[in-house]
Amino acid sequence: DVEQNALTAFFLGWAQDGAGNSRGAISAWRSAAHIDPTLVSAHLALADGYLKISERGLAIQALRAGLTALPASPELQSRLQQLEQVK
């Protein structure tokens with residue numbers, strides 16, 4: 001089941017993040033967003049993961065990818081707007 005696989009990858013990302021493995025977390029969240037592009041929380045977590053390793057451009061790219069799948073998502077729109085305003 002696609003939704004279950006996406007959620008498993010999403011939670012694996014949090015486990016990796018909690019273990020201090022930022023790169024592993026990003027990889028898992030990227031997988032979750034790829035498996036289910038409508039999983040808003042995966043795009044948000046991925047963006048935050050990129051910010052944690054000082055990759056602001058990739059964070060913005062992750063949010064834009066989420067908005068491609070869900071153009072009306074207020075969470076993604078708001079987070080993207082925040083990042084684009086910060087220089």
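Student: Which side chain does S73 reach through a polar contact of 3.1 Å?
Tutor: The partner of S73 is the side chain of E75. A polar contact here is a pair of N or O atoms within 3.5 Å; within protein, one must be able to donate a hydrogen and the other to accept it, and residues adjacent in sequence count only if both atoms are side-chain atoms. The model is predicted, with local features requiring pLDDT of at least 70 and side-chain atom pairs pLDDT 80 or more, whereas totals for chains, interfaces and linings use all residues. Residues are numbered from 1 along each chain as its sequence is written, and side-chain values use heavy atoms, leaving out hydrogens and water.

Student: Where does S73 lie?
Tutor: S73 belongs to the loop between α4 and α5. Helices are DSSP runs (H or I, at least four residues), as are strands (E, at least two), and both are numbered from the N terminus.

Student: And is S73 buried or exposed?
Tutor: S73 is buried, its relative accessible area being 6%. The classes are buried under 20% relative accessible area, exposed over 50%, and partly exposed in between, with a 1.4 Å probe and protein chains only. Not counting residues up to four places away in sequence, S73 touches V40 and L67, where contact means heavy atoms within 4.5 Å.

Student: How many residues does α5 have?
Tutor: Helix α5 spans residues 74–85, twelve in number. From its first C-alpha to its last, α5 reaches 16 Å, close to the 16 Å expected; the expected span is 1.5 Å times one less than the number of residues.

Student: Which residues of α5 are buried?
Tutor: L76, L80 and L83 are buried in α5. Seen down the axis of α5, the buried residues fall within an arc of 65°, so they line one face of the helix. That arc is taken over the directions from the helix axis to the C-beta atoms. An α-helix has 3.6 residues a turn, so residues three or four places apart point the same way.

Student: What covers that buried side of α5, then?
Tutor: The cover includes α3 (40–52) and α4 (56–69). On the face turned away from the buried side, α5 carries the exposed residues P74 and Q85.

Student: What does the side chain of R56 reach at 2.4 Å?
Tutor: The side chain of R56 reaches the backbone oxygen of L83. R56 is placed in helix α4 and is partly exposed at 32% relative accessibility. The C-alpha atoms of R56 and L83 are 7.8 Å apart, although 27 residues separate them along the chain. Leaving aside neighbours within four places in sequence, R56 is in contact with L51, L83, E84 and V86.

Student: Turning to charges, how many salt bridges does the structure hold?
Tutor: There are three salt bridges, each a side-chain nitrogen of Lys or Arg within 4 Å of a carboxyl oxygen of Asp or Glu. E84 pairs with R64, the closest N and O atoms being 2.5 Å apart. E84 lies in helix α5 and R64 in helix α4, so this pair ties together parts that are 20 residues apart in sequence. D48 pairs with R79 at 3.0 Å between the closest N and O atoms; D48 lies in helix α3 and R79 in helix α5, so parts 31 residues apart in sequence are tied together.

Student: Which residue does D17 bridge to?
Tutor: D17 forms a salt bridge with K52, with the closest N and O atoms 2.7 Å apart. The pair links distant parts of the chain, D17 in helix α1 and K52 in helix α3, 35 residues apart. D17 is buried at 17% relative accessible area, while K52 counts as exposed at 51%.

Student: How many aromatic pairs does the count come to?
Tutor: The count is three aromatic pairs. Rings of Phe, Tyr and Trp (its six-membered ring) pair if their centres lie within 6.5 Å; planes under 30 degrees apart count as stacked, over 60 as edge-to-face and the rest as tilted. One of the pairs is F10 with F11, edge-to-face at 5.3 Å centre to centre and 65° between the planes. F10 also pairs edge-to-face with W14, at 6.2 Å and 85°. F10, F11, W14 and W29 form one aromatic cluster.
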